Amino acid sequence: MLILSLEEHKKYVIARQILCSGTSIGANAREAQGAESKADFIHKLKIAYKEAEELTYWLDLSRYSKNYPDPTKALIDLLESSKKLLGRIISTSKSRT
């Protein structure tokens, strides 16, 4: 919904950035499922985490800029939970190598 709202307000650049970083999180996490090694698994999850951080930036930019639609609290909460989960998985995986 946020992307559609941004596009309705002709905020195409930020809508595209949110779409790209948001979908990249899941794509990298899925790719980690088929990792060739533990190091590869951790690396791919780190990329997913970085994409989540980038998404946080774009959502904050939308949230604090005038004339941009606000992301919902539920979306922000889900992203924060996802980052915590990714961080825990990365940390646990590192300690077991």
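Analyst: The model is predicted. The protein has four helices and zero strands. Along the sequence, the pattern reads α-α-α-α. The C-alpha atoms fill a box of roughly 50 × 20 × 15 Å along the principal axes. Of the 97 residues, 32% are buried.

Now the helix itself. Helix 2 covers residues 12-33. Its 22 residues should span 32 Å at 1.5 Å a residue, and the end C-alpha atoms are 32 Å apart, so the two values agree.

Next, the buried face. The buried residues of helix 2 are Ile 14, Ala 15, Ile 18, Ser 21, Ser 24, Ile 25, Asn 28 and Ala 32. In an α-helix, residues three or four places apart point the same way, because there are 3.6 residues a turn. The buried residues of helix 2 pack against helix 1 (2-8), helix 3 and helix 4 (73-95).

Two packed helices are described by the angle and the distance between their axes. The axes of helix 2 and helix 3 (residues 38-64) come within 8 Å and cross at roughly 160°. Angles over 145 degrees count as roughly antiparallel, so helix 2 is roughly antiparallel to helix 3. The crossing of helix 2 past helix 3 is left-handed. The residues of this contact comprise 14 nonpolar, six polar and four charged.

Last, the wider contact pattern. Take the protein's contacts between residues at least 6 apart in sequence: 65% of them join residues at least 24 apart.

How values were computed
Residues are numbered from 1 along each chain as its sequence is written. This is a predicted model: local features need pLDDT of at least 70, side-chain atom pairs count only at pLDDT 80 or more; totals for chains, interfaces and linings use all residues. Side-chain values use heavy atoms; hydrogens and water are left out. Axes are lines fitted to C-alpha atoms, for helices over the stretch in contact, and angles run from 0 to 180 degrees between N-to-C directions. Helices (H or I, at least four residues) and strands (E, at least two) are DSSP runs, numbered from the N terminus. Angles under 35 degrees count as roughly parallel, over 145 as roughly antiparallel, 65 to 115 as roughly perpendicular and the rest as oblique. A crossing is left-handed if the near helix is turned anticlockwise from the far one by less than a right angle, and right-handed if clockwise. Ala, Val, Leu, Ile, Met, Phe, Trp, Tyr, Cys and Pro count as nonpolar, Asp, Glu, Lys and Arg as charged, and the others, Gly among them, as polar. The expected span of a helix is 1.5 Å times one less than its number of residues. Buried means under 20% relative accessible area, exposed over 50%, partly exposed in between (1.4 Å probe, protein chains only). Contact means heavy atoms within 4.5 Å.
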